[in-house]
Each structure stands twice: as C-alpha cells, then as structure tokens.
Amino acid sequence: MGAVTDDEVIRKRLLIDGDGAGDDRRINVLLKSFTKWCNSTGSPEEGFTQYQRMLGTLAQCEFSMGKTLLVYDMNLREMENYEKIYTDIEQNITSAHDKISECKKEIQRAKRIRKNRQEYDALAKVIQQHPDRHETLKQLEALDKELQQLSHIKENVEDKLELRKKQFHVLLSTIQELQQTLESKPDSPLNS
Amino acid sequence: LQRKLRSIWSISLLILLSRYKDRHLHMSVFSQSFSPCGRFLAAGNNYGEIAVFSLSSALSPDATDLSQTPILTFTAHEGPVFSLFSTDSHLLSAGNGEISAWSWAELIKRNTKAAWTRRPNYKSSLEIPEINAMTVNPTENSLVIGGGDNNIHIMDLESGIFKSVLQGHTDYIHCLSVREREGEILSGGEDGAVRIWDHRTGQSVHCIEVYKYEECARPQYGKWISCLTTESDWMLCGGGPSLSLWHLRSMSPTSIFPLSGCQRQANFYQDMILSVGEGQCVSHCLLGGEVKAQIPCTPHSLNTLALNLNSTDNRVLTVGGSSHQIDVFTNLSYRTFSLSF
C-alpha cells in the first residue's frame, strides 16, 4: 500500500467515479453527516431524524455495493463463457483443418483411381479392336481339320497313282516280253 | 536443311534486333527450369539470354510489379537457349551447340560466371548444330543431349567426358525423354521417328514412325515429332502428327487428341495431360482422348510448359512462348499473372 503513489490513487478514483455525483459523494456526505450528528447539540428528535437519514444513506450505499458485486460476478461468468466458446471454436478449426487435409488426400487417391481407370479404358479399346481369342482358336481348329482332310486325300491319290503305275509297268513288261519272244523266233511255225 | 538455314538467318536477325528497344516484341521464350528449392524460375529466350525470376516474391501477398520482373538477366549463349535443365545444384543451359552449367547458389547471388562449358564432339566443323533437347539419366548420372547433328550425345556429369553417341536418326532431334526403370532413352526427331534406345548398349531397340499410323498422321503438317514425354508404360508424342498417347509395352496408340495445331510440349499431371503448342491456350486432356479444357494465355503460340513440383508453397504451372511474358498459373483453371522478361 505504501508503494502506491498519490497519482495512482487519484487516477483510480477518477476512473471509478470522476464526476463526483455518485457513491463516492454519498459516502463523503454520510461521513460528514455522521461527524455532524456525533457533535450535534440539537434536539433528540432532530438527532433521531438525522440518524434515520444516515441509515437511509447507508442502506443506499449497501444497495449500490450489492449491485456492483452482482455485476462483477456476472462479468466473471461471462468471461468463463467466452473462454469456453473460444476453446470450442479453436477445436472446430483444428478439426476442420484435419478434415480438409483428409479430403485432399481423398482427392489425390480419387485422381489416381481415375487415371488407372482411364488407362484401363484406353488399353481395353485397343484390345477390343483385335479379334476374339475363341473365334481365332475355332478358325485355327477348322483350318487344321481341313488341312488333315486334304493331306489324307492327297495320300489316297498318291497310293492309287502308285498302284496304277505298277499295274501299267507289269502290263508293259509282259507286252515287251511277248514282243521279244515273237521277234526271237520269227520262222517257227507258231501261228496256227 | 531449309529449316536450318532459316534458323541461322533468324538467329542473326534476332541478335541485331536484340540491340533495339523493341526487342520485347520479337522475343520468344524457348525453355524454362525451376530451381531445386522451387523458389526460382529460369527462362531462356531466343536472344540467348537467361532470366531468373523469384517465384516466392512474385507469389507473396505483398508482391509488386517489380517482383514480376527478373532478379537477374544475363546473356548465356550466342544463340537461342533452346533447352534448360536443373540438377540438384546446377542449371544446365544449351545454346549455340554448347552446354554451360551455372550454380544455382551463385545465380541467386547474381553471379553469372559459368561453372563449366562443354561441347559435344561434332563430326562436321563447318556448321555448329544447335542443341534442342537435354535431359538427365539419373541412374547413370549422365546428361543426354539431342542435337542438330542427328545424334544423341551422352555425357557423364561427374567427369564431363562424352561417353557415347547414339546414331540412327536421319534428321535433327527435337525432344528427349528417359525411362529410368527400363533404362531406356526415347528420342523424337524431324524425321518423324520415335526411337527407343537402351542406354547400356547404345542400340536402337525400337523405332516407331508415328506418321505411318493412319489415325495419328496429319500429312498437312508434316511428320516431325516435336514433343515427347513418358510416364511408366505410357508415352505422349506429337508434332506434325496429332498428339497421341501410346502404350509402350504393346507399341500401339491408344488415344488421339483432337488438338488443332502442332503440340510442342506435353506433360502428365495427376490424372490429366497438359499440352501446349501452336494456339493461344493450355489444353487439358483426359487419358481417354477427350479435351477437357483449353485455358487461354498471353503468348500467341507456346513453346514450353513447366510444373514446379519441387516445392509445396510455389506449386505453379508456367508457360512461355512467342512473347516476352511468361504466364503463371497457381490454379490450373486460369492464368493468375504474368512474369515479364
């Protein structure tokens, strides 16, 4: 208390009640009237009325003090309320930030998926242009069969050709032999 | 040959024009590259200059007009800078048939001294072939260079020695791509062929002549391939023929994109394909072949598209072309602002 300078006291008092038309004045007036009442030399009725008046002023002072205390309590509670709201909002901000970064990751994932799908589509388009594997296999099988049949026929024809060749060979060789025999004995009386 | 002559003539004309104050009118941005930290963008133009922009200041909330201009502009080569590539520490630039490396840390400090400059062994000494494309093969730590001499040169990044030359193209090479997992290098050229090379043997494993496929071919534009990009089993290529998506395992085209004009660069991004070329827009396409959106931009014709995937804060798409302005997209759906060379 000793460290507080007069200036501080004056400043504080001016701040609280600078106009002099309020509680401060009331307390000063009460003190003055109290001292006056203590030193009063008037009649007991006057003293009594003064006493009543002082009680009234005292009640007024108490009343205004009560009011100020209530206002002070209210302010404290408002402060707490605001603190709570402040922390709530901060939490909301951080969770929103988290959600945003999650969403960004989602978007990256979705873009990658989309890219993969598009690559797949592009390749699928190219593959579609080529003929179906089953069809090609069937065609190959049919061609194989045809080939086998034809080679079979070719074998048959070749066999027949061989046989005819041999038969003709036999025939021609017999004819030749006969010719030779006829030529070798021309003057033998063969023809009857 | 006609194209080479025309390019020589245009180079000399542009060098003259670069001295005049309306050089901005004739400027074209040919290449872009983001720094490894993702905070800077380097762009190369037809005057042989490289400009470094600070993306972090251009994207910050208190950006001014000044932050949309380069923090550093310098002449890197005598000819146009057709290709830029960033490694973990250096910016590689190709121009006038040579490759220079600039340390990113030095560039940020505005020091424009090249770390090294090398030139592949060209057979003919008469004409210096331009280098159109450069990319790095990370498994071998080698730089793959495609140039005007129809060959692909491979240089070891550590030693600087030119290890091998891949021959096979019959006309100059426009674009390159590397498939790390399979160890393949793909190249697309003026002769209309996309060749797939095995990086170990140096042999051409496959040769796809895109213009021979009826669904892709656009004879009215020609057969040259100017853009090539790969991702796992898929490849995008385009140029004279329409931009098409190929499945590399089956070597078949799966989707054709109905984009008018020749595409000069295409990229896979998430579930979409972004493509730029002739035409004042960035095309967004789906893998199935449909064009989802075409976003308008400043340059009338676009040459380069770059995505800043190195950084989380500055994830932007930038495009450059026949204008001194480079459009920046923070949201793929619209142009946010433009950087000025």
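This short talk goes through chain B of a predicted model and then one span of chain A.

First, the conventions. Residues are numbered from 1 along each chain as its sequence is written, and chains are lettered from A and ligands numbered from 1 in the order in which they are written. Because the model is predicted, local features need pLDDT of at least 70 and side-chain atom pairs count only at pLDDT 80 or more, while totals for chains, interfaces and linings use all residues; side-chain values use heavy atoms, leaving out hydrogens and water.

Chain B has three helices and 28 strands; these are DSSP runs numbered from the N terminus, with helices being H or I of at least four residues and strands E of at least two. Its radius of gyration is 19 Å, close to the 20 Å from the globule rule for 341 residues, so chain B is as compact as a globular protein of that length. That radius is taken over C-alpha atoms, and the rule is 2.2 Å times the number of residues to the power 0.38. The C-alpha trace of chain B spans about 50 × 45 × 40 Å along its principal axes.

How many of the residues of chain B count as buried? The share is 58% of 341, where buried means under 20% relative accessible area, exposed over 50%, and partly exposed in between, with a 1.4 Å probe and protein chains only.

UniProt positions are in the numbering used here, feature names are shortened, and annotations may be inferred rather than shown by experiment. The span is 0% helix and 60% strand, and its end C-alpha atoms lie 13 Å apart.

Thr170(B) sits in the loop between strand S12 (162-167) and strand S13 (173-179) of chain B. Thr170(B) counts as exposed because its relative accessibility is 62%. Leaving aside residues up to four places away in sequence, Thr170(B) touches Asn150(B) and Asp191(B), a contact being heavy atoms within 4.5 Å. Asn150(B) is 20 residues from Thr170(B) in sequence, and 6.1 Å away C-alpha to C-alpha.

Next, two loop residues. Asn141(B), between strand S9 (131-137) and strand S10 (142-147) of chain B, has a positive phi of about 50° although it is not a glycine. Gln270(B), between strand S21 (263-269) and strand S22 (272-277) of chain B, has a positive phi of about 50° and is not a glycine.

Last, chain A. An unreviewed UniProt entry places "coiled-coil region" at residues 133-167 of chain A. That span is 100% helix and 0% strand, with end C-alpha atoms 51 Å apart.
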